Amino acid sequence: MSQVFKFSIFRFDPDEGKKPRFDNFDVPFKAGMTILDALFHIQGHIDTSLAFRFSCRAGVCGSCAMHIDGKYKLACETQASIALNKRVTIRPIAHLPIIRDLVVDMKPFWDQYKRIIPYLMPGDVAPEGRERYQTTSERQKLDHVIDCILCASCHSSCPMTASDPEYIGPAALLKANRFVVDSRDQSTAQRLQMVGDEHGVWRCHTVFNCSLACPKDLDPAGSIANLKREATKNFLKKPSTR
Ligand code: SF4
Ligand code: FES
């Protein structure tokens, strides 16, 4: 018998008024096939109603993050071969409302992201005709933290985003830290005040799920730890009112 990839895929359409279910699909073996390719095969040849999200197909846009075989992964970067000798379960990322099947509503994620003002605030006009220079060591502080593709895997793995919908969350906090460590940004105090509120860094219980979940091997937990240190220093700098 020819080999097949075996999947069990979460299905749900809130408009149907039916309970969520899992459907089994067998996809003919093809060398080098990714999970995203397998989903295309299912949609094109077996069940045209299967909904999933993708864009770049190259591990860059973050759209295809899913819970695959017990871990958060990018479907376009995961080989379907993991489903050769066992049936692999695929679910949507968690802690976000489901629109249909593997597609979630990212609005709550983007709402938190907007809160941290996710762009450089240099505070002055750039010197005419010149870039804002950084030393090598200043630039090195941005290594890794600028590689976030906003896939929301960390957000979905975090127990705190599940219990506090207002929690800023690991992805947005990693981005806030990206600007706090950037020598060109002049709004550190404002950002630290923002991330130090009741739904900010102090909500993090240092579970480390976010760093384990990140498909780009980033360390949101490390960024949150740095923000806690800097927020404490910022607080201690303020004159006492007692
Ligand atoms: S930190 Fe990692 S897991 Fe979180 S959004 Fe960025 S790339 Fe995805
Ligand atoms: S489709 Fe863009 S990261 Fe997978």
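How many bridges join strand 1 to strand 5, and do these strands run parallel or antiparallel? Four bridges join strand 1 to strand 5, and the two strands run parallel. Helices (H or I, at least four residues) and strands (E, at least two) are DSSP runs numbered from the N terminus, and two strands pair if DSSP finds at least two bridges between them.

This is a predicted model, in which local features need pLDDT of at least 70 and side-chain atom pairs count only at pLDDT 80 or more, while totals for chains, interfaces and linings use all residues. Residues are numbered from 1 along each chain as its sequence is written, and chains are lettered from A and ligands numbered from 1 in the order in which they are written.

Five strands form an open sheet of mixed pairing, in the order 2-1-5-3-4. Strand 2 (21-28) and strand 4 (71-74) stand at the edges with a single partner strand each, so one side of each is left without a neighbour in the sheet. From one strand to the next, the twist averages 35°. Strands of a sheet pair through backbone hydrogen bonds, either parallel or antiparallel.

Strand 1 and strand 2 pair in the antiparallel sense over eight bridges, and S8 stands opposite N24 in strand 2. In the parallel pairing of strand 1 with strand 5, the bridge partner of I9 is I90 in strand 5. I90 also stands opposite I68, where strand 3 (residues 65-68) and strand 5 (residues 87-91) run antiparallel and are joined by two bridges. I68 in turn stands opposite K71 in strand 4, and strand 3 is joined to strand 4 by four bridges in an antiparallel arrangement. Strand 3 and strand 4 form a hairpin with two residues between them, and D69 in the turn has a positive phi of about 55°.

Helix 1 (residues 35-46) lies across strand 1 (4-11), strand 2 and strand 3, and runs at about 95° to strand 2.

## Helix packing

| Helix pair | Axis separation | Crossing angle |
|---|---|---|
| Helix 6 (residues 170-180) and helix 9 (residues 220-237) | 8 Å | about 55° |
| Helix 7 (residues 188-195) and helix 9 | within 9 Å | roughly 110° |
| Helix 2 (residues 107-115) and helix 6 | within 9 Å | roughly 20° |

Angles under 35 degrees count as roughly parallel, over 145 as roughly antiparallel, 65 to 115 as roughly perpendicular and the rest as oblique. Helix 6 and helix 9 pack at about 55°, which makes helix 6 oblique to helix 9. Their crossing is left-handed, where a crossing is left-handed if the near helix is turned anticlockwise from the far one by less than a right angle, and right-handed if clockwise. Residues are in contact if their C-beta atoms, placed from the backbone, lie within 7 Å. The contact is made by P170, A171, L173, L174, A176, N177 and V180 of helix 6 with P220, S223, I224, N226, L227 and E230 of helix 9. By class, this contact has nine nonpolar, three polar and one charged residues; here Ala, Val, Leu, Ile, Met, Phe, Trp, Tyr, Cys and Pro count as nonpolar, Asp, Glu, Lys and Arg as charged, and the others, Gly among them, as polar.

Helix 7 and helix 9 cross at roughly 110°, which makes helix 7 roughly perpendicular to helix 9. There A189, L192 and V195 in helix 7 meet L227, E230, A231 and N234 in helix 9, and these residues divide into five nonpolar, one polar and one charged.

Helix 2 and helix 6 cross at roughly 20°, which makes helix 2 roughly parallel to helix 6. The crossing of helix 2 and helix 6 is right-handed. Q112, Y113 and R115 in helix 2 meet A171, A172 and K175 in helix 6, a contact of three nonpolar, one polar and two charged residues.

## The shell around ligand 1

Ligand 1 is surrounded by 16 residues, of which C148, C151, C154, A171 and C214 are the closest; a residue is near a molecule if its C-beta atom, placed from the backbone, lies within 6 Å of it. Helix 4 (153-157) and helix 6 are the elements that give two or more residues to this shell, and helix 6 gives the most, with three residues. By class, the shell has 13 nonpolar, two polar and one charged residues.

Technical notes:
Axes are lines fitted to C-alpha atoms, for helices over the stretch in contact, and angles run from 0 to 180 degrees between N-to-C directions. Two residues are in contact if their C-beta atoms, placed from the backbone, lie within 7 Å.
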